[in-house]
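Welcome, and please open your viewer. This tour moves from stop to stop, telling you what to select and what you will find there.

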Amino acid sequence: EGRRYRTELLQKSSYRDSFDDFLGFIAPRLEEAHRLLNDTGTLYFHIDYRESHYCKLLLDEIFGRENFLNEIIWAYDYGARAKKKWPAKHDTIFVYAKDASVNYFDSEGVDREPYMAPGLVTAEKVAKGKLPNGSEKTGYPSQKPEGVVRRMVQASSRPGDWCLDFFCGSGTLGAVAASLGRHYVLIDSNPEAIEIARRRLGLAEEPPRVA
C-alpha cells in the first residue's frame, strides 16, 4: 500500500472474443494504472492496429494529451501472409507520463541498436527485438521478446524501482525487471499464463488461500 510504480506495461492482442466492448473493459484499468503510477513514472501501452486509434483517445482523456510522450512501433517480419489485405507487420506501443514535466527518462541507460540501415549490420543485430530468442521461448502464443521490454524498463526506471504489468502473459516484464535489479508485480487472469510465468521466474507455487 502506498507503493508507486515507475513503469507500467499494458498489453492487449486478442481480447475481442472475450470482451466485445474493449474500451469499457480497459478504461477502469487505465484509470487505476494512472492512480498507481509514480509522479515521475511512465506507462507503456501495447496494442494492435485494430484498437490503437480508439485507445489513443481514451489514453488522452485519462492521462492528458500533454502527457503523451511518443508512439513506439514494434515492427516484425513474421506471421501469415494475407491474401485479401495488407498483412499486419507491426504493433503500437503508446508512451504516457504521469506528469511530463517531471517524467524520468534515462536515454543513456537504453541499449543502442541500429534502426535505419539493417544491411550494414549483422543478421543477429537486425533480428534482435523482433522475436524471443531460443533461451527466452516459453511456448506462450503472444510472448514478447525481452529486447523490446528491456529498453522500456531501462529508460523509465532505476534499479530498485517497481514495475507493474496488468496483463503479464508469459512474464516477460518480470524476467526483464529481475535481470535489471527492479522489483515487479505481474497480473493475469489466464491460469496458463500464470503457470508459465511462475516457471519462467522460478517461483514456487503458493499454498491455497482460505477466504
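Start by selecting S170 and R200 and showing their side chains: a polar contact of 3.1 Å joins the two. Keep in mind that this is a predicted model. S170 belongs to the loop between strand 5 (162-165) and helix 5 (172-179). Is S170 buried or exposed? With a relative accessibility of 2%, S170 counts as buried, because buried means under 20%.

**Helix 1**

Next, select residues 22-36, which make up helix 1. How far apart are the end C-alpha atoms of this helix? They are 21 Å apart, and this agrees with the span that 15 residues should have at 1.5 Å a residue. Now colour the buried residues of helix 1, which are F22, F25, I26, A27, L30, A33 and L36.

Stay here and show the rings of F22 and F25. They form a tilted aromatic pair, with 6.0 Å from centre to centre and 40° between the planes. Since F22 and F25 are three residues apart in helix 1, about one helical turn separates them. An α-helix has 3.6 residues a turn, so residues three or four places apart point the same way. Both F22 and F25 are buried.

**A ring pair between strands**

Now select F68 and F94. This aromatic pair is edge-to-face, at 6.3 Å centre to centre with 65° between the planes. F68 lies in strand 3 (residues 68-75) and F94 in strand 4 (residues 90-97), so the pair ties together parts that are 26 residues apart in sequence.

Then show K56, whose charged end sits over the ring of F68, 4.2 Å from the ring centre.

**Helix 2**

K56 is one of the buried residues of helix 2, so let us select that helix next, residues 52-63. Helix 2 has 12 residues and reaches 16 Å from its first C-alpha to its last, close to the 16 Å expected at 1.5 Å a residue. Its buried residues also include C55, L58, L59, I62 and F63. Which parts do the buried residues of helix 2 pack against? Their partners are helix 1, strand 2 (37-47), strand 3 and strand 4. Step just past the end of helix 2 and you reach G64, which takes a positive phi of about 95°.

**The cores**

For the last stops, select L10, I26, L30, L43, F45 and L59. Within the largest nonpolar core, which has 23 residues, these have the most contacts. Strand 1 (5-11), helix 1, strand 2, helix 2 and strand 4 each supply at least two residues of this core. Which element gives the largest share? Helix 1 does, with seven residues.

Centre the view on F45. Leaving aside neighbours within four places in sequence, F45 is in contact with L10, I26, L30, C55, L59, T92, I93 and F94. Finally, select Y76, M152, C163 and L173, which are among the 16 residues of a second, separate core. In soluble globular proteins, nonpolar side chains tend to be buried together.

Key:
Residues are numbered from 1 along each chain as its sequence is written. This is a predicted model: local features need pLDDT of at least 70, side-chain atom pairs count only at pLDDT 80 or more; totals for chains, interfaces and linings use all residues. Side-chain values use heavy atoms; hydrogens and water are left out. Helices (H or I, at least four residues) and strands (E, at least two) are DSSP runs, numbered from the N terminus. The expected span of a helix is 1.5 Å times one less than its number of residues. Buried means under 20% relative accessible area, exposed over 50%, partly exposed in between (1.4 Å probe, protein chains only). Rings of Phe, Tyr and Trp (its six-membered ring) pair if their centres lie within 6.5 Å; planes under 30 degrees apart count as stacked, over 60 as edge-to-face and the rest as tilted. A charge sits over a ring if NZ of Lys or CZ of Arg is within 6 Å of the ring centre and within 35 degrees of the ring normal. Contact means heavy atoms within 4.5 Å. A polar contact is a pair of N or O atoms within 3.5 Å; within protein, one must be able to donate a hydrogen and the other to accept it, and residues adjacent in sequence count only if both atoms are side-chain atoms. A nonpolar core is a set of buried Ala, Val, Leu, Ile, Met, Phe, Trp, Tyr and Cys residues joined through side-chain atoms within 4.5 Å.
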